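Student: Could we go through this protein together? I would like to start with its overall layout and then turn to other parts.

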Amino acid sequence: MEPSPDSERFSLTPIGHVISDYPDKFGIPRQPGLAPAANARLVLTKPYNDPLAVRGLEAFSHLWLTFIFHQSPDRWSPLVRPPRLGGNRKVGVFASRSTHRPNRLGLSLVSLAGIDTQHGVTLQLQGCDLVSGTPVVDIKPYLPWAESRPDAQAGFAPQAPALINVIFHPTALDALAKRDDGATLYALIEQVLSQDPRPAYKQKETETDRLYGVRLRDVDVKFHAHQKDEATTLEVMAIDIYPSQH
Ligand code: SAM
């Protein structure tokens, strides 16, 4: 007899939360590693913040994080519209990495830059694609000999997305020059915008007056698009400190 969904309920408890350079979902690259300058910390929660639980992890360069898409609605449908297909063609949810899926589980491969066990356990991560506050339910070390498959077929997403050109207005460069983290913030902005975070249906738009905003770290990055022939350039116009919530 088939088990009924109700007799097979499993509850998950977060082992910790991510604090990342991404305060909002908008602008986050669609997979990990696309913005290597993105820093994050995974702060483990009691009782999982026992240093014994991460013994040996420092010898691995990359980790798999299993997490909950906590900012996605708790509903799903069998078909989704991947942004890679321009947002107008549909594929099955299980043929996609959509955030709108049963159980809302996400999976990201991230670089491990360090482990701090002074007060509880904090992992320093690079290149993650998670919004700040994301609950993590498991960590596993990445095994390249078993899990790297360079010859694999990747369906409708056969290669990394094409990058677009990003330039900075002098006002934006001045704002960066005044910050201690100016160099890494410059790299983060360039990597994030080169993925073209504008909604798929806006990406062909030639309207250049429209100002978009993407939040990174504590700033609001204002940019607009220039279209020349077939080439798009995103220009960073201003970098404003985002008003604190407190
Ligand atoms: N690598 C993961 C995977 O394949 O399961 C995530 C892929 S998903 C397409 C990446 C997008 O999820 C990001 O661009 C961001 O907008 C969104 N996202 C990140 N953290 C989230 C969260 N906690 N809740 C909902 N959406 C999130």
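This is a predicted model: local features need pLDDT of at least 70, side-chain atom pairs count only at pLDDT 80 or more; totals for chains, interfaces and linings use all residues.

Student: Into which domains is the protein divided?

Tutor: There is domain 1, covering 16–69 + 104–143, and domain 2, covering 165–241. The centres of domain 1 and domain 2, taken over C-alpha atoms, are separated by 26 Å.

Student: And how many residues of each domain are in contact?

Tutor: On the domain 1 side there are 13 residues, and they are in contact with 13 residues of domain 2.

Student: What area is buried between domain 1 and domain 2?

Tutor: About 1200 Å² is buried there, and carbon and sulfur atoms give 58% of that area. The size of an interface is often expressed in this way, as the accessible area lost when the parts come together.

Student: How many salt bridges does the rule find across that interface?

Tutor: It finds two salt bridges between domain 1 and domain 2. As for the residues on the side of domain 1 that touches domain 2, nine are nonpolar, two are polar and two are charged.

Student: What about polar contacts between domain 1 and domain 2: how many residue pairs are there?

Tutor: The count is two residue pairs, both at pLDDT 80 or more.

Student: New topic: the ligand. Which residues are closest to the ligand?

Tutor: The ligand is surrounded by 21 residues, and the closest are Ile28, Gln31, Arg97, Leu107 and Asp129.

Student: Where do the nitrogen atoms come in?

Tutor: A ligand nitrogen lies 2.9 Å from an N or O atom in the side chain of Gln31. A nitrogen atom of the ligand is also 3.1 Å from a polar backbone atom of Gln71.

Student: Which residue has a polar backbone atom 2.9 Å from an oxygen atom of the ligand?

Tutor: That residue is Leu107. On its own the ligand has 600 Å² of accessible area, and the protein covers 91% of it.

Terms used:
Residues are numbered from 1 along each chain as its sequence is written. Side-chain values use heavy atoms; hydrogens and water are left out. Domain bounds come from an automatic or database domain assignment. Contact means heavy atoms within 4.5 Å. Buried area is the accessible area (1.4 Å probe) that two parts lose on being put together, summed over both. A salt bridge is a side-chain nitrogen of Lys or Arg within 4 Å of a carboxyl oxygen of Asp or Glu. A polar contact is a pair of N or O atoms within 3.5 Å; within protein, one must be able to donate a hydrogen and the other to accept it, and residues adjacent in sequence count only if both atoms are side-chain atoms. Ala, Val, Leu, Ile, Met, Phe, Trp, Tyr, Cys and Pro count as nonpolar, Asp, Glu, Lys and Arg as charged, and the others, Gly among them, as polar. A residue is near a molecule or strand if one of its heavy atoms lies within 4 Å of it. Accessible areas come from the Shrake-Rupley method with a 1.4 Å probe; for residues, only the protein chains shown count as cover.
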